[in-house]
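Reader: Could you walk me through this model before I try to describe it myself? I am new to reading structures.

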Amino acid sequence: MDALPGWVLPLALFLVPLLVALVVNRLFHKRSGIASIWVLAWFVTVCWVFALVVILRQVR
């Protein structure tokens, strides 16, 4: 079985929680969506986590 490309996991960790949050927001809060500042904050958080993972893999 082939390994997944390196970009799949970061993309999934960014998109899956974002889509879940959008669905929950639409179903229960009846607002237009998630504020763009929260999307940006989530994107930056995911980028930092994966940057640390890459750095720690290189150190090890």
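Author: Let us begin with a definition: helices and strands are DSSP runs, where a helix needs at least four residues and a strand at least two, and they are numbered from the N terminus. Please also keep in mind that this is a predicted model.

Reader: Okay, so how many helices and strands does the chain have?

Author: The chain has two helices and zero strands. Helix 1 covers residues 8-29, and helix 2 covers residues 36-59.

Reader: What span should helix 1 have, and what does the model give?

Author: At 1.5 Å a residue, the 22 residues of helix 1 should span 32 Å, and the C-alpha atoms at its ends are 30 Å apart, which agrees.

Reader: And which residues of helix 1 are buried?

Author: They are F14, L18 and N25. These residues cover an arc of only 25° around the axis, so they sit on the same side of helix 1. On the face turned away from that buried side, helix 1 carries the exposed residues L27 and F28.

Reader: What share of the whole chain counts as buried?

Author: Of its 60 residues, 10% count as buried. The chain exposes about 5400 Å², and carbon and sulfur atoms supply 75% of that area.

Reader: Which residues form the nonpolar patch on the surface?

Author: The patch is formed by V16, V20, V23, V24, L27 and F28, which together have about 570 Å² of accessible area. V16, for instance, lies in helix 1 and is partly exposed, with a relative accessible area of 49%.

Reader: Changing topic, how many aromatic pairs does the structure hold?

Author: The structure holds one aromatic pair. Its rings belong to F14 and F43, with centres 5.4 Å apart and planes at 80°, and because planes over 60 degrees apart count as edge-to-face, the pair is edge-to-face.

Reader: Where do F14 and F43 lie?

Author: F14 lies in helix 1 and F43 in helix 2, so the pair ties together parts that are 29 residues apart in sequence.

Reader: Are those two buried or partly exposed?

Author: F14 counts as buried, at 14% relative accessibility, whereas F43 counts as partly exposed, at 40%.

Reader: What about V39, where is its place?

Author: V39 has its place in helix 2, and this residue is partly exposed, with a relative accessible area of 25%. Although V39 and F14 are 25 residues apart along the chain, their C-alpha atoms are separated by 9.1 Å.

Definitions and conventions. Residues are numbered from 1 along each chain as its sequence is written. This is a predicted model: local features need pLDDT of at least 70, side-chain atom pairs count only at pLDDT 80 or more; totals for chains, interfaces and linings use all residues. Side-chain values use heavy atoms; hydrogens and water are left out. Patches are made of residues with over 30% relative accessible area and no salt bridge: like charges are joined within 9 Å, nonpolar side chains (Val, Leu, Ile, Met, Phe, Trp, Tyr) within 5 Å. Accessible areas come from the Shrake-Rupley method with a 1.4 Å probe; for residues, only the protein chains shown count as cover. A salt bridge is a side-chain nitrogen of Lys or Arg within 4 Å of a carboxyl oxygen of Asp or Glu. Buried means under 20% relative accessible area, exposed over 50%, partly exposed in between (1.4 Å probe, protein chains only). Rings of Phe, Tyr and Trp (its six-membered ring) pair if their centres lie within 6.5 Å; planes under 30 degrees apart count as stacked, over 60 as edge-to-face and the rest as tilted. The expected span of a helix is 1.5 Å times one less than its number of residues. The arc is that of the directions from the helix axis to the C-beta atoms.
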